[in-house]
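Dear colleague,

I am handing over the structure we spoke about, and below it you will find my notes on what was found. Please read them with the coordinates open beside you.

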Amino acid sequence: MGAYLEISGVGIEFPTERGPFRALQGVDLKVDKGEFVSLIGHSGCGKSTVLNIVAGLLRPTEGGVILDGREVDEPGPDRAVVFQNHALLPWLSVFDNVLLAVDSVFGGRRSRAWRRQWALHHLELVQMAHARNQMPHEISGGMKQRVGIARALAMEPKVLLMDEPFGALDALTRAHLQDSLMEIQARLNNTVILITHDVDEAVLLSDRIVLMTNGPAATVGEILRVELPRPRDRLALAEDPRYHRLRQRVLRFLYAGRRHGEAEAAAPAEEAA
Amino acid sequence: MDSAFPVAPATASRRLAALGSELARRLRRLAPPAAGLLVFALLWQGASATIDTSLGRFPGPLQVWEQAGNLWAEHRRERRREADFYRRQEARNAARQAVDPDYVPRLRPYTGKPTFVDQIGRSLLTVAFGFAVATLVALPLGVLCGLSETAYRALNPLIQVFKPVSPLAWLPLVTLVVSAVYTSADPLFEKAFLNSAFTVALCCLWPTVINTAVGVAGVDRDLANVGRVLRLSPLTRLRRIVLPAAVPMVFTGLRLSLATGWMVLIAAEMLAQNPGLGKFIWDEFQNGSSDSLARILVAVLAIGLIGLGLDRGMLALQRFASWDKGAAVR
């Protein structure tokens with residue numbers, strides 16, 4: 001009996017001018033339904049590559065991904081991606097960006113009125129309904145990312161893949177979006193894989209934190225279970241010793257991992273895909 | 001007055017001051033280009049006095065201005081003559097019909113020579129036709145090259161070889177081919193018109209092809225991935241993601257193409273004898289009167305101003321049609 005999402009023995013090699021570059025090696029991970037899992041590691045360790053393989057945007061050289069009993073072999077809306085730079089189509093309004101996704105997922109099955117209502121509902125979910133007629137260049141970075149999340153959620157994905165979604169935002173905006181994401185996740189009980197390099201973000205949001213070793217040939221180093229009760233409040237957590245212990249463990253791993261990585265690979269690994 | 005409206009004079013003077021500073025700001029903005037033009041005109045007037053050509057003294061700005069007025073007056077005169085001609089013809093026909101009710105009037109078109117303004121219109125029509133033909137060919141070709149690496153590699157050598165060919169090299173070929181292929185008894189277009197237009201099309205094709213290809217091939221990877229995640233069909237992906245993403249580059253290509261086309265047109269018209277600005281210059285050159293050089297300079301300035309106008313028009317169209325409102329003004 002497999003898990004809801006199972007990544008097993010995944011490795012990937014990229015052809016480069018200096019021969020093949022092995023980015024990932026033997027990545028194993030099981031995610032339960034409704035679980036929130038963060039992948040954390042230094043930049044260039046290949047955590048985004050893992051996400052892209054689950055999304056189907058990259059094909060692994062070996063190993064595979066099974067989601068809900070089906071092998072992943074191409075991208076699809078059941079694995080909606082929230083991109084780091086939001087990836088909203090700049091020529092469509094906020095509403096039309098979400099509607100494009102809704103139409104392509106529910107096009108044949110639901111009425112036009114239902115689809116518009118569904119798109120609007122998800123904009124309301126991320127508190128962006130007021131800006132539905134604005135163009136992406138007219139709204140702030142945090143708002144764009146909210147719309148990106150609305151677009152992904154509106155696809156009703158089996159798993160929501162988030163690729164450093166808040167990495168480009170200022171600290172205050174990031175905190176607001178993290179809180180919104182926690183609220184939404186509590187309501188919809190989505191299965192989420194979040195790529196991040198922010199330790200606080202990982203501890204605050206996750207049920208489990210997957211610590212990735214440094215590339216080349218990066219793999220899962222350690223998995224931490226975050227046993228903090230939900231709903232979580234960032235202010236209360238700041239005083240919670242368990243929170244700090246978890247934070248310390250992640251930091252220690254990353255710090256030790258980096259030294260380990262530097263000793264092993266003379267040249268720092270480049271960000272692969 | 002003052003005691004009744006103690007505030008009024010103060011606001012009025014403040015408003016006047018604001019108006020004054022606004023005026024000063026505009027003057028400062030206008031001063032450099034105005035000074036540039038003035039210095040140029042003075043240098044031109046000074047230099048022209050020292051150049052003696054076989055057609056007399058090289059014209060200065062004043063003579064050119066005078067000839068511009070003459071050309072306009074000639075245009076007005078010609079239009080009056082045309083109107084008179086039709087009025088006389090109608091009167092004559094009416095008179096004959098009054099005598100003989102069975103008479104079917106023959107309408108003769110006016111056959112005066114085209115004026116400078118007519119020739120500008122003709123040139124604009126020719127460049128529009130050539131540019132339209134080029135765009136209809138270039139856009140699909142560019143999209144194809146952008147989508148398919150194979151198509152790009154197949155077509156790139158052709159593009160690179162034909163791109164630098166001068167319009168003067170194309171024209172004889174175009175002329176012969178048009179003569180051979182376009183043999184209608186009642187031709188819709190004159191051959192000279194088609195020769196010029198197709199030469200323009202051949203020369204202004206390339207910037208649109210190249211820029212469209214670059215725009216289509218260079219779609220942001222994340223946006224392309226959005227299309228993949230949504231499993232859009234290839235056609236929907238093209239329509240909803242690839243083409244809109246390429247629009248700014250397409251417009252850059254179109255602007256370059258139109259500018260090239262307008263430049264090429266004058267040379268093509270000279271040789272093809274299409275009655276536009278190119279033929280106007282050629283005829284004045286052959287005519288060799290003492291006014292010819294000034295009239296040619298009027299045409300040169302008209303060509304420059306119309307070229308500027310066409311470019312600004314395309315830019316306005318781009319601003320209107322493209323989602324990328326930050327399009328560069330250059």
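**Strand pairing in chain A**

Ser8(A) stands opposite Gly64(A), a residue of strand 4 of chain A, where strands are DSSP runs of E with at least two residues, helices are DSSP runs of H or I with at least four residues, and both are numbered from the N terminus. Please bear in mind that this is a predicted model, in which local features need pLDDT of at least 70 and side-chain atom pairs count only at pLDDT 80 or more, whereas totals for chains, interfaces and linings use all residues. Residues are numbered from 1 along each chain as its sequence is written, while chains are lettered from A and ligands numbered from 1 in the order in which they are written.

**Domains of chain A**

The domain assignment, which is automatic or comes from a database, divides chain A into domain 1 (5-80 + 157-264) and domain 2 (90-155). The centres of the two domains, taken over C-alpha atoms, are separated by 25 Å. Their contact takes 13 residues from domain 1 of chain A and 10 residues from domain 2 of chain A, two residues being in contact if their C-beta atoms, placed from the backbone, lie within 7 Å. On the domain 1 side, helix 5 (residues 171-188) of chain A gives the most, with five residues. By class, that side has 10 nonpolar, three polar and no charged residues, where Ala, Val, Leu, Ile, Met, Phe, Trp, Tyr, Cys and Pro count as nonpolar, Asp, Glu, Lys and Arg as charged, and the others, Gly among them, as polar.

**Contact between the chains**

The contact of the two chains takes 16 residues from chain A and 13 residues from chain B. On the chain B side, helix 7 (221-229) and helix 8 (234-272) each supply at least two residues, and the largest share, six residues, comes from helix 7 of chain B. The residues of this side of chain B divide into eight nonpolar, one polar and four charged.

**Helix packing in chain B**

The axes of helix 9 (residues 277-287) of chain B and helix 10 (residues 292-321) of chain B come within 9 Å and cross at roughly 165°, with axes being lines fitted to C-alpha atoms, for helices over the stretch in contact, and angles running from 0 to 180 degrees between N-to-C directions. Helix 9 of chain B is therefore roughly antiparallel to helix 10 of chain B (angles under 35 degrees count as roughly parallel, over 145 as roughly antiparallel, 65 to 115 as roughly perpendicular and the rest as oblique). The crossing of these two helices is left-handed, a term used if the near helix is turned anticlockwise from the far one by less than a right angle, with right-handed used if clockwise. Among the residues that meet here are Phe280(B) and Phe285(B) in helix 9 of chain B and Ile296(B) and Ile303(B) in helix 10 of chain B.

The axes of helix 3 (residues 116-147) of chain B and helix 6 of chain B come within 6 Å and cross at roughly 30°, so the two helices are roughly parallel to each other. Their crossing is right-handed, and by class their contact has 23 nonpolar, nine polar and no charged residues.

With best regards

Conventions:
Pairing = 2+ DSSP bridges.
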